[in-house]
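Please load the model in your viewer and keep the sequence panel open beside it. The tour below goes from one selection to the next and says what is found at each stop.

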Amino acid sequence: MDTLSELRANLAGLLHESGLECHPFKVGWYNSHVKPGFRLEHHEDTLAFIVISSPSFFEKSFVPFVRNSVGNSTNQDYLDQALHSCLTRAIQSFPDHITHVLYDYEMRPGTRRPKVLVQTAGHVSGAVYFYQKTDIMDPPWPVDKAIYGVCLHPKYIGWFALRAVIIFQNVLVPNLEFKPPKDILEDEAKKIDLLNRYNNNWQDWSFRDVVTPTERYSELQQKYFSTRPSERNDLIEFIRTH
């Protein structure tokens, strides 16, 4: 059986070509941070990876996928299809392992609950820091006000997305070392500012720039995400023909 270091290096190499990155974690780490209804039914030492799309994923994978596609025969977003294509090719390189992919958009049957909370998975893997209301010692909001948390990447800050979790169901990693995520907003005022931006003005995307990132989405990518899914046909056709 491949060692953890070999698995990690091989998977990272395959995904890097697509503008994706991956970070390992134990299923038990994730399960200890979520409510019973969201837990994954695997041994606590089971190996899993959070998959993150970097800003380059759009140009490296999405644009070529659109240009090579004949048409959209399903109602699934082209970006989700492109991601599925990339991950399918990657896991096919591990025929000796039983893998299962949980995508960020998938819901548990008969419920409105996601199959996996990718923000929590990203946090326990050490890849991103999940900033939440509970991080604030003296929160300025009413106790009963819902404040949604947001993740920041140490390099891309807010210009990334948590896309999926890959579970290697027959690989146990009892000795995997936990590495806590990097808190890049040590000032509590900055954390409050981030949460306010994300909860109150997420449409202006300013939360993505609370710290200067190493890379941002291209103008075309920003236009794609700013366009309603039902209104993207003209943009898709532009991408396909240019």
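Helices (H or I, at least four residues) and strands (E, at least two) are taken as DSSP runs and numbered from the N terminus. Residues are numbered from 1 along each chain as its sequence is written, and side-chain values use heavy atoms, with hydrogens and water left out. The model is a predicted one, in which local features need pLDDT of at least 70 and side-chain atom pairs count only at pLDDT 80 or more, whereas totals for chains, interfaces and linings use all residues.

Contact here means heavy atoms within 4.5 Å, while axes are lines fitted to C-alpha atoms, for helices over the stretch in contact, with angles running from 0 to 180 degrees between N-to-C directions.

**Second stop: strands 1 and 2**

Now colour strand 1 and strand 2 (residues 46-53), which pair in the antiparallel sense over 7 bridges. Along this pairing, Cys22 stands opposite Val51, Phe25 opposite Ala48, and Lys26 opposite Leu47. Leu47 also has a bridge partner in strand 6, namely Phe168, and strand 2 and strand 6 pair in the antiparallel sense over 8 bridges.

In a regular strand the side chains alternate between the two faces of the sheet. In strand 1, Leu20, Cys22, Pro24 and Lys26 point one way and Glu21, His23 and Phe25 the other way, and all are buried, that is, under 20% relative accessible area, with exposed being over 50% and partly exposed in between (1.4 Å probe, protein chains only). Because 7 of the 7 residues of strand 1 are buried, this strand is largely enclosed by the rest of the structure. The faces of strand 2 are both covered, with Thr46, Ala48, Ile50 and Ile52 buried on one side and Leu47, Phe49, Val51 and Ser53 on the other.

**Third stop: two single residues**

Select Ser125 in helix 5, which is buried at a relative accessible area of 10%. Not counting residues up to four places away in sequence, Ser125 touches His23, Pro24, Phe25, Ile50 and Lys179.

Then move to Trp202, in the loop between helix 6 and helix 7, which at 46% relative accessibility counts as partly exposed. Leaving aside its neighbours within four places in sequence, Trp202 is in contact with Arg197 and Phe207.

**Last stop: the largest pocket**

A pocket is, on a 1 Å grid over the protein atoms alone, an open set of points where a 1.4 Å probe fits, with protein on both sides within 12 Å along at least five of seven lines, and lining residues have an atom within 4 Å of a point. The largest pocket holds about 1600 Å³ of space, a volume being the space filled by probe spheres set on the points. Of its 44 lining residues, Asp104, Val118, Gln119, Gly149 and Tyr198 are the closest to its centre. Helix 5 gives the largest share of the lining, 5 residues.

Conventions:
Pairing = 2+ DSSP bridges.
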